[in-house]
Amino acid sequence: MSLSRTVVLAVSLWLARAARAEHTHGPSPGSAEPGAASTLAAGISMFAARYDQRLYEGNYQGVAPIVRWANARLAITGTFPLYRLVENGRTLYGPGDGVLAAQVSHQRAALRAGLVAAVSVPTGDHQTGFGMGHAMVMSSLFAAYALDLVTVGASAGYGRAFGGGAHEHDRGSWPIVDPMNRSEVLWSATADVALAHAVMTGARVMGAIPIGDGNSRVIAAARVGWTAGRVATGFELQAGLAGDPFSVRGVVETTLRF
């Protein structure tokens with residue numbers, strides 16, 4: 001497998017979390033392919049998790065449609081999650097916060113780097129734990145480097161609540177389904193190996209550090225993914241190591257490029 005193909009797969013399947021570090025919140029690199037003409041992609045992300053926070057415990061499942069437009073340097077992604085949430089014994093259904101993100105990136109040889117900016121829309125119910133109750137703006141710098149069949153990457157960024165209702169983000173990390181602090185530094189590190197043509201496996205660690213009041217988060221994940229023609233599919237198993245974002249969560253994501 002060539003270096004350029006390795007970078008494409010790594011960026012498309014692993015660093016691209018549909019503009020969501022930790023699944024829905026926080027920007028991550030998108031899936032613009034070096035040298036490619038503009039493309040439109042649509043997909044779906046499905047996830048299930050167990051959580052045990054200080055005041056709440058239970059599980060949730062969800063599905064999030066994904067729409068993405070990208071060319072060699074620019075990618076724009078939108079996603080809107082829908083949840084089934086079991087919270088202290090009661091079952092609730094509803095939308096989460098939608099996210100819109102834009103990425104600008106550049107590739108030179110085996111190195112790809114760029115900037116992502118994202119905003120979440122408060123479409124989820126704050127009181128029941130589906131959403132933050134306010135918008136969140138997030139930005140992040142990222143880089144990925146391929147060395148033979150191994151690709152490593154990292155990102156660092158910042159997220160902050162703004163707009164109406166931001167002053168109510170006083171419970172520390174919130175919401176239940178994808179907690180964030182009112183103001184925080186976001187980070188991630190990845191390592192992936194190409195197993196065969198269009199197949200990769202790897203791991204990543206990601207998290208957040210609060211600025212002011214809040215809780216630090218650390219999440220570790222193992223993953224595998226593959227491409228078949230215009231379809232890219234990935235599975236990731238995540239474990240919450242600190243900050244109680246969840247105990248364990250599984251995510252399956254598939255996208256079709258038109």
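1. Accessible areas here come from the Shrake-Rupley method with a 1.4 Å probe, and for residues only the protein chains shown count as cover. On that basis the protein exposes about 10,600 Å². Carbon and sulfur atoms supply 64% of this area. The model is predicted: local features need pLDDT of at least 70, side-chain atom pairs count only at pLDDT 80 or more, and totals for chains, interfaces and linings use all residues. Residues are numbered from 1 along each chain as its sequence is written, and side-chain values use heavy atoms, with hydrogens and water left out.

2. Overall make-up. The protein has one helix and 14 strands. Helices (H or I, at least four residues) and strands (E, at least two) are DSSP runs, numbered from the N terminus. Of the 258 residues, 51% count as buried. Buried means under 20% relative accessible area, exposed means over 50%, and partly exposed lies in between (1.4 Å probe, protein chains only). Take contacts, meaning heavy atoms within 4.5 Å. Among those between residues at least 6 apart in sequence, 58% join residues at least 24 apart.

3. Strand 7 and its partners. Two strands pair if DSSP finds at least two bridges between them. Strand 6 (residues 98-108) and strand 7 run antiparallel, joined by 11 bridges. S105 has G114 of strand 7 as its bridge partner. The two strands form a hairpin with two residues between them. A109, in the turn, has a positive phi of about 55°. Strand 7 also runs antiparallel to strand 8 (residues 135-147), with 10 bridges. There, V137 of strand 8 is the bridge partner of V119.

4. Salt bridges. Side chains of opposite charge can pair when their charged atoms come close. The criterion is a side-chain nitrogen of Lys or Arg within 4 Å of a carboxyl oxygen of Asp or Glu. A search of the whole structure finds six. One of them joins R217 and E184, at 2.9 Å, N to O. R217 lies in strand 12 (residues 217-228) and E184 in strand 10 (residues 183-196), so this pair ties together parts that are 33 residues apart in sequence. Both R217 and E184 are buried.

5. D192 and R223 meet in a salt bridge at 3.1 Å, N to O. This pair links distant parts of the chain, with D192 in strand 10 and R223 in strand 12, 31 residues apart. D192 and R223 are buried. R223 also meets E236 in a salt bridge, at 3.4 Å, N to O. E236 lies in strand 13 and R223 in strand 12, so the pair ties together parts that are 13 residues apart in sequence. E236 is buried too. A network of salt bridges links D192, R204, R223 and E236.

6. A242. This residue is in strand 13 (residues 231-242). A242 counts as partly exposed because its relative accessibility is 28%. Leaving aside neighbours within four places in sequence, A242 is in contact with S216, R217 and V218. The C-alpha atoms of A242 and V218 are separated by 4.9 Å, although the two residues are 24 apart along the chain. R217, one of these contacts, also forms the salt bridge with E184.
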